Amino acid sequence: MSEVVFDCNGDDVLAIQVKEHFLQTGVINEPFQCAFCLIPVTPKAVRGDEFRVGPHFQIGDSDHSPDCPYGSLGEKRHNTKKSSSTRIYGTEVFLPGRLVPHRAPSTTVPGGATGVTDALGLASRIKIHGDLLSIENRSTTTLVATAVEAWLIARRLYYGEARDKRVREDHKFVSDKLRNHPLSLFGRELNYNSAFHKFVSEWKGAAIHYGKAAVERIGTADYILRSVDTIKNSDTAFDGFVRLQTSAMASNLMTKKLVESLDTHNAAGTTVQWFGYGAMVQNGPGTSWTFDIVESPLIYLKGE
Ligand SMILES: [Zn+2]
């Protein structure tokens with residue numbers, strides 16, 4: 001279950017957001033407590049840079065208050081036990097609906113998060129923060145990696161469904177299914193079909209582009225991902241590349257791991273499967289396509 005909890009700043013957070021915050025800042029805003037009944041909870045699987053194990057919160061000796069949306073009685077009333085058909089990182093998570101900028105922590109602790117577990121406090125907190133229980137409001141992410149993993153899982157799921165139903169046009173079946181899931185990219189309303197674009201042709205507007213590329217190092221700290229994918233119905237490689245300005249990126253665990261991975265591929269001469277958010281620009285008529293990435297949350301190199 002992906003509980004909403006308060007961190008030490010009184011900000012409401014999900015386990016996945018704790019992990020994303022750690023990747024971008026190296027900080028875990030402990031201690032955490034249930035956003036409704038205020039029992040202490042401990043985040044698990046949030047400190048690594050892996051995207052396989054689902055981040056979650058673990059309760060200690062005390063269980064959620066029965067009327068808490070995560071308690072024995074509240075679960076049914078608030079529909080918090082309901083699982084979704086799609087999962088990311090092995091958790092009961094949904095397809096995130098919005099890719100948003102990383103949020104700076106609050107400096108003030110709002111009233112309510114004082115450790116009082118009386119019934120009145122619980123009811124008022126449910127009133128104030130209850131909208132966070134809806135799947136849509138819970139499902140924001142600050143990482144391209146999270147949206148990509150969700151997309152890959154959904155695709156796998158729908159191709160499986162097409163196979164089981166013996167659908168003839170399975171690509172169309174999958175696209176139609178993906179279209180039903182909204183995905184806003186920094187305020188641009190798209191969906192899980194239209195937000196992703198294979199980097200082998202022109203594309204207008206910002207999207208999550210993806211492809212296979214060779215890694216080249218530029219100067220001492222920047223890199224180029226040069227496309228090795230071929231244009232549709234041809235043997236010609238798409239003349240496009242992504243400039244990864246790692247020298248301009250925030251110095252954090254994400255950037256460090258990104259640079260390590262780029263160096264490994266560069267040294268070994270191996271290609272990499274990449275996903276990156278940006279808008280393509282043509283460098284002149286009939287010339288190459290490119291886009292720049294200067295923030296590590298906007299690029300994801302998928303392990304083989
Ligand atoms: Zn609770």
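At what angle do helix α5 and helix α6 pack, and how far apart are their axes? Helix α5 (residues 144-164) and helix α6 (residues 170-179) pack at an angle of about 130 degrees, with their axes 9 Å apart. The structure is a predicted model, in which local features need pLDDT of at least 70 and side-chain atom pairs count only at pLDDT 80 or more, while totals for chains, interfaces and linings use all residues. Residues are numbered from 1 along each chain as its sequence is written. Helices (H or I, at least four residues) and strands (E, at least two) are DSSP runs, numbered from the N terminus.

**Confidence**

- The protein chain has a mean pLDDT of 84, and 85% of its residues reach 70 or more; pLDDT is the predictor's confidence in each residue, from 0 to 100.
- Confidence in the protein chain is highest in strand β10 (residues 196-198), at a mean of 97, and lowest in helix α4 (residues 135-138), at 57.
- The pLDDT is below 50 over residues 83-93, a stretch that has 33 contacts in the model beyond near neighbours in sequence. Two residues are in contact if their C-beta atoms, placed from the backbone, lie within 7 Å.
- Residues 108-116 also have pLDDT below 50, with 13 contacts in the model beyond near neighbours in sequence.

**The α5 and α6 helix pair**

- The packing angle of about 130 degrees between α5 and α6 refers to axes that are lines fitted to C-alpha atoms, for helices over the stretch in contact, with angles running from 0 to 180 degrees between N-to-C directions.
- This angle makes α5 oblique to α6; angles under 35 degrees count as roughly parallel, over 145 as roughly antiparallel, 65 to 115 as roughly perpendicular and the rest as oblique.
- The crossing of α5 past α6 is right-handed. A crossing is left-handed if the near helix is turned anticlockwise from the far one by less than a right angle, and right-handed if clockwise.
- On the α5 side, A154, R155, Y158, Y159 and A162 meet D170, F173, V174, K177 and L178 of α6.

**The sheet containing β1, and residue V5**

- Five strands form an open, antiparallel sheet in the order β2-β1-β3-β4-β5. Two strands pair if DSSP finds at least two bridges between them.
- The edges of this sheet are β2 (12-13) and β5 (56-59); each has a single partner strand, so one side of each is left without a neighbour in the sheet.
- Two bridges link β1 and β2 in the antiparallel sense, and F6 stands opposite D12 in β2.
- V5 belongs to strand β1 (residues 5-6) and is buried, with 27 other C-beta atoms within 10 Å. A residue is buried if 20 or more other C-beta atoms lie within 10 Å of its own, exposed if 12 or fewer, and partly exposed in between, with C-beta atoms placed from the backbone.
- Beyond its neighbours within four places in sequence, V5 is in contact with V13, F32, Q33, C34, A35, V41 and F57.

**The four-stranded sheet**

- Strands in the order β7-β6-β8-β9 make an open sheet of four strands with mixed pairing.
- β7 (140-141) and β9 (188-191) stand at its edges, each with a single partner strand, so one side of each lacks a neighbour in the sheet.
- Strand β8 (residues 182-185) pairs with β9 in the antiparallel sense over four bridges, and N191 in β9 is the bridge partner of P182.

- Strand β11 (residues 207-218) pairs with β14 in the antiparallel sense over eight bridges, with G211 opposite W274 in β14.
- β14 also pairs with strand β17 (residues 299-302), in the antiparallel sense over four bridges; here Q273 stands opposite K302 in β17.
- Y277 lies in β14 (residues 271-278) and counts as buried, with 23 C-beta neighbours inside 10 Å.
- Residues up to four places away in sequence aside, Y277 touches V144, L185, A206, I208 and L298.
- Y277 and V144 are 133 residues apart in sequence, yet their C-alpha atoms are 7.0 Å apart in space.

**Partners of β16**

- Strand β13 (residues 240-244) and strand β16 (residues 289-293) pair in the parallel sense over five bridges, and V242 has F291 in β16 as its bridge partner.
- Strand β15 (residues 281-282) runs antiparallel to β16 and is joined to β16 by two bridges, with V281 opposite T290.
- The hairpin of β15 and β16 has six residues between the strands, and G284 there takes a positive phi near 160 degrees.
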